[in-house]
Amino acid sequence: MTIRNTLQDHGQRYRPRMACLKKSEKVLLEMQDPKTGLKSQPQRLVITTIPHAITGEDIIAWLADRLQVDTQEARSFGSMLVALGYIYPLQDHKRLVIKPDASLYRFQTPYFWPTQQWPVEDTDYAIYLAKRNIRKKGILEMHEQEHYNRLHKWMNHKWDFIVMQAKEQYRAAKERKKPDRVVFDCQERAYWVVHRPPPGTVSAMDYGLDRQIDPNSDEAVTPDFYERIMIFTQQSIMRPRVKSSVSIGALVKYCATYNNHDPFLSNCLPSNPWITDDVTFWTLNMPCVEIPTKMRVERWTFSFAELLSDTRGRDDFRLFLKKEFSGENLAFWEACEDLKWGKAASIKEKAEHIYKTFLARGAPRWINIDGKTMEVTVKGLKHPHRYVLDPAQTHIYMLMKKDSYGRYQKSPVFKDTVKKAICPDEHRFSGAQLEQNSKKRRPSLSPIILRQMEQEQRAKMAANIDITQLCRFTTPVPHLAVYSGFTDYSHCHRLTLPHLPGPHPGLSVPHQRGPGQHLGV
Amino acid sequence: MPLINNKVGDDGTVGKDKALVDGKALVDSLIKVVACYRVLATCVGGCTDSLQLRDELRQTREKAQRLAMAIRSHLTSHLRDKSLPEEQRKEMEILWVGFSSSLELLHVDMCKVFNMGDIFSLSKKETRVQNGLQGGGSEVAARALSVPDLNQPQSTSLPAEFESHERSTMEKDISQLDHMIDDMEMKVNVLRWMVDPHGPQYPDPLSSTDSASLLSVDEEQPGHQPLHQRRKLFVLLLLVAVVLVVATLSICIVFFS
């Protein structure tokens, strides 16, 4: 559904976010002005001198002056120009930043300017790598070698052409004088550092996926087009509204609560893997880790949903409920989730199993929901579908949230977990260590393996169901030798026949299922 | 190719072999011209951009197009010939792949030069990027056109005239090239994944001393530049001192003997 602005989107092409290119070009052309532009100096090499080298501090000073900004901002803008490839450094060519000292830079020739109109071709990259190999065998770096081999595999049919073209370009470039040759080599190398960045760096020209359609082009006006507009506007009218004070307040509260837990907004301990390439953070926060981190445990106290959505939190909660003998609530909730998100073919079977285990009169893990909901659910189970257990699930969820959750947070189980939770120290990596980390990057466990592990765990849990958690309305299962905590055996005896009525629908049964409690029947 | 009716062995294939050799020569020269065009195109918009450079680009481009036309007729006629033996067909297909790839490169380069000509118009002298080049591309153009020297009389036409004329021709040529590429795909069906090239994965190195050494010396040790110069100075002083000592010794010897 596209409702577009009636104002035309100036400057944006349909590969978005690259309007900076046209603007950078303007600034760059201004820098060339002989009167008001940058002053250049010749670069002295061993044998020859090459003109038009500019120093980093000159660039920053000129930008600060022309754009009327402070030095820090001029520096970031300058770094952006270098990262995009309009200016390239002459020393340390792999680090595309502006250094505010006398280090030298040069302008890139317009042929190698970044553009979105003509995508960067792998053929050209293969030719470039072949050319470098022609010049000196074995000069290619590791990642370039890997690229070369991969391109040789995928573009094998063109390989004769690529080798020939590389030789011809090499010979053609040799016709020129030495300083021009050096300049051309620098230019080409800088171009490929931008577009095929070495490992551990990101290309500034990486703008994400291309959009399939051009949002500035006119859409064909058909009855369908108007129909979509009508549906869209009707839905916007029907949408429930909230006062902005309320919604803004909620947003502010959310931001304040989660600010310290966001790994990009605040320091994440031990270190952010996306920045330092060190995966300790992820291993410490795995779903089935023994000892959780302090931050994770703190997140469990924010809301019940947080506790349940975190696997480790759910395990902890399950342990607590086991001690309280109300584990069936969570088990029912999990079974409902499984039904909702599982395969369509298994819905009938799962629904039956849930009914037998949780809802039927005399079920082994009978849950306590009010009569109306029970009625609706049982009726719905005659023709089960994915959302048939939604009312019951919501009821149980609210039950757990209002009651068990509060008690969980005061329980010894939770207090123990909080005490044992670890708080890792912050990593402090030097530059060399960061490079090493980036070389040691490895892919994580395959999702297939993760899914298998998950299924094994689930099977283990299913096998370990504590059917000792019986409620007083359960029919005694003869082969089980263990009954826990019932003092009144005669009570249970009376309920041997399965079709005897269970508790009265209208009565609200207390949730605490301790051993000695009696119902007022 | 006229059939050579001969009693001797496989002279029937001599004609076909000649076609292959011809085709290879043509494709090789097209590759050469395209490479030169690319090297010239990198100068556009820079400080050495001039009417002369644009003229050289035009000449190179025209030569490339002439070659392309020739190769197209040559290869299409042979590849559509059903009686071509298998190995010859394979060779032709390799040539075909080389030809179409060169055309693609040429097309992109022409589009880029066309676009850059827009931004860096010859009449507006101030907007030139100082990219560090000093010489023009005359030698490269000479190589492309296969003449030993490019002694051009200075073009007498005005830049503006030349430019507008050039733009319209280029537009036509680009669209023509576009059509040619499409046309080729329609007429001749070459399965690219079946093409098996001969060449090695790594091209042989052609020369050892080059700008690579210059680059590596200057570049990889940025801090050593002043040190290098200081070291040179030191060595020079040492030599001067040695020469002086030798001179004084010889004078002493002469004096005392």
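Let's start at a salt bridge that links the two chains: A:Asp124 pairs with B:Arg38, and their closest N and O atoms sit 3.0 Å apart. Keep in mind that this is a predicted model. The salt bridges between chain A and chain B number 4, and the two chains also share 9 residue pairs in polar contact, counting pairs with both residues at pLDDT 80 or more.

Which parts of chain A touch chain B? The elements that each give two or more residues to that side are the strands β1 (41–44), β2 (49–55) and β4 (104–107), plus the helices α4 (122–135), α5 (142–154), α6 (159–174) and α7 (178–195). Of these, α6(A) gives the most, with 13 residues.

Now step back and take in the whole contact. Chain A brings 68 residues to it, and chain B brings 66. Together the chains bury about 6,400 Å² between them, and 60% of that is on carbon and sulfur atoms. On the chain A side, keep an eye on A:Tyr111, A:Trp118 and A:His157: they supply 13% of the area that chain A buries against chain B, more than any other three residues.

Finally, hop over to chain B and look at its surface. There, B:Phe234, B:Val235, B:Leu238, B:Leu239, B:Val242 and B:Val246 form a nonpolar patch, with about 570 Å² of accessible area together. One of them, B:Val242, lies in helix α7 of chain B, which covers residues 224–256. Is B:Val242 buried, exposed or partly exposed? Its relative accessible area is 46%, so B:Val242 counts as partly exposed.

How values were computed
Residues are numbered from 1 along each chain as its sequence is written. Chains are lettered from A and ligands numbered from 1 in the order in which they are written. This is a predicted model: local features need pLDDT of at least 70, side-chain atom pairs count only at pLDDT 80 or more; totals for chains, interfaces and linings use all residues. Side-chain values use heavy atoms; hydrogens and water are left out. Patches are made of residues with over 30% relative accessible area and no salt bridge: like charges are joined within 9 Å, nonpolar side chains (Val, Leu, Ile, Met, Phe, Trp, Tyr) within 5 Å. Accessible areas come from the Shrake-Rupley method with a 1.4 Å probe; for residues, only the protein chains shown count as cover. A salt bridge is a side-chain nitrogen of Lys or Arg within 4 Å of a carboxyl oxygen of Asp or Glu. Helices (H or I, at least four residues) and strands (E, at least two) are DSSP runs, numbered from the N terminus. Buried means under 20% relative accessible area, exposed over 50%, partly exposed in between (1.4 Å probe, protein chains only). Contact means heavy atoms within 4.5 Å. Buried area is the accessible area (1.4 Å probe) that two parts lose on being put together, summed over both. A polar contact is a pair of N or O atoms within 3.5 Å; within protein, one must be able to donate a hydrogen and the other to accept it, and residues adjacent in sequence count only if both atoms are side-chain atoms.
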